[in-house]
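Please look over the model below with me. My notes are numbered, and each one takes up a single topic.

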Amino acid sequence: MSDYQSIAARKQQHLESLIPSEWRLSASQIPAGMLSLAESITQTASYESINVTAIPRTCGLLTPHELHITEGYSVRALLAEIHAQRLTSEEVTRAFCKRAAIAHQLTRCLTEPLFAQALDRARALDTHLQSTSRPIGPLHGLPISIKDTFHITHVDSTSGLVALAFHPATQDASLVTLLQSLGAIIITKTNVPQTVGTLDTCNHLFGRTLNPLNRRLTVGGSTGGEAALLTLRGSMLGFGTDIGGSVRIPPMCTGLYGFKPSQGRLPYGGQQDAGHIPAKGRIGLQPVAGPMARSVEDIGFVMGEIVPRAELFGEDCIPGTWGPSPPLSTPKLRIGVLRSDGIVEPLPPIAKVLDEAARILRRTSDVEVVEIPVPPALPKCQGIANKLMGIDGGGLMMDLLEKTGEPLTPWLKGRMGRRKATTVSELGELQMQRARLEREMLRMWTLNAADDNKTRRIDAIIHPVAPHPVPEMDRYNAIGYTSSWVLLDYPAGVVPVRTFREDDLELGKEMTIPVKGRWDEANRKLWTETTVDRRVYLDSPLSVQVIAPKQHDYDLYRAMHIIDQAIRSESTKHTETAKL
């Protein structure tokens, strides 16, 4: 057994030891095809299209009371029950820890179960509340989860790299400190891809995280473990990071809500950055931390507690408030429809669902919908973003892999290696190009108004999250639909619309639009019937991305809320009509 395999085996044993035996599923309750850790990385075709979301309800491990705790509340409602002492933090935390353990056995979503520590903290919170009648903070007793990259003292942050196992952090990440000061209880850390650099959550330490909705499809990345856990209701809310789409792509893959804020809204410091040059995010493309949840309201409630306090916890944060900004540019919320990134043509079901969302919004009072032509600067953004992500040349990351003889995962092979690092002068030129693109893209929000009339005419934009449906494992394409908004520092979120239906298949009908380039050609292979069985997409989520101008984070939340309400209302009407 090689170094990396022996270390991974020890790490697996450690993880398994943290899951109580009474919380374990029987072998008969785990669907066939739950491959070994090594096989999960390479034998992706062995997975069947199975939805496992009902298993936590039917497995018998959760009591009716625990099922109600984990399924019956919004964040606000659950906190109200805890703070009124109708539920204890301990019973709530135990229910979510148990459900997280079940979720892991079905999807491999966890890296560091913190169940014992979480229950100790819950008991301490209960004691405080009983003795003082006051909660520790507004999130007192809320069970949450965080991406593996966030440091927690005495706990590993491996970034999916074997060489970083058994090297625990010596201090908490700033966001962890902030969340705990608010009374939240972190119950676990969740899985990420090897190097945190792919859009499918797969590594040699913890294996491949599976999509609970369909185990043939990707769960996304790099915050894929969070998405799987939240989908199976093993946490009330999760936190990830986003530099290319990592708190938006996993929600797209699982029908959740994701929120990528502007820089400075949430603390990012205290991340595992081994394998990168120091402070890479300060000089290249700056990632941000953001929440994922099962509703817009849950995101808004927690952001409302974090944003006003963030500047006191993160040196990378700015003063902020969470509430209505100045009046809208018009009496109505004006939403633009941006149908493409100008590089990759959306596949038919993606174009269709964006059009459906636009039609629903056109029928919504207090909303005006306008078409946005693809700005000439937008197709240039992806290339600059990619270059800024890779300024260190990957040498330090390759050193960590070679330290234990760890091979690259299948998707990374041929895509990652040592390259020449960007020089200071080259970096300066890239940042100048970025500034020019930022300046040009400002015109999108004013609908290309004349220079003497720079009034913002667009409040938010709807846009695809990706130009394709949720793909099979290791087939995600066209990161530009998400990474470009990081380059521009526009806050962006994800709202699910509906699931993929039979009438979306368009069997026997191919796209006739000419291929624009190699990225478009790769995307077309996810639809052409000779290269994919389109039926694999059936019942998978279809979502839209919502984007707002820089630092207009509350406006993004407000737009997401209005869009989500309109979509849910339309869905309810269709359901009621179908019953008649």
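1. Start at Gln 85, the residue after α5: its phi is positive, near 65°. Helices here are DSSP runs of H or I with at least four residues, strands are runs of E with at least two, and both are numbered from the N terminus.

2. A word on the source. This is a predicted model, where local features need pLDDT of at least 70 and side-chain atom pairs count only at pLDDT 80 or more, while totals for chains, interfaces and linings use all residues. Residues are numbered from 1 along each chain as its sequence is written, and side-chain values use heavy atoms, with hydrogens and water left out.

3. Now α5 itself, residues 75-83. Val 75, Leu 78, Leu 79, Glu 81 and Ile 82 are buried (under 20% relative accessible area; exposed is over 50%, partly exposed in between; 1.4 Å probe, protein chains only). Viewed down the axis of α5, the buried residues fall within an arc of 160°, so they line one face of the helix. That arc is taken from the directions from the helix axis to the C-beta atoms. The cover over these residues includes α6 (89-107), α7 (115-132), β2 (143-147) and α12 (296-306), with contact meaning heavy atoms within 4.5 Å.

4. Next, the aromatic rings. The whole structure holds 8 aromatic pairs. Rings of Phe, Tyr and Trp (its six-membered ring) pair if their centres lie within 6.5 Å; planes under 30 degrees apart are stacked, over 60 edge-to-face, and the rest tilted. For Trp 322 and Tyr 557, the centres are 5.7 Å apart and the planes at 40°, so this pair is tilted. Trp 322 sits in the loop between α12 and β9 (333-337) and Tyr 557 in helix α19 (residues 553-579), so the pair ties together parts 235 residues apart in sequence.

5. Are Trp 322 and Tyr 557 buried or exposed? Trp 322 is buried, with a relative accessible area of 18%. Tyr 557 is buried too, at 14%. The rings of Tyr 554 and Tyr 557 have centres 5.6 Å apart and planes at 55°, so that pair is tilted. Both tyrosines lie in α19, 3 residues apart, about one turn of the helix. Ring pairs link Phe 259, Trp 322, Tyr 554 and Tyr 557 into a cluster.
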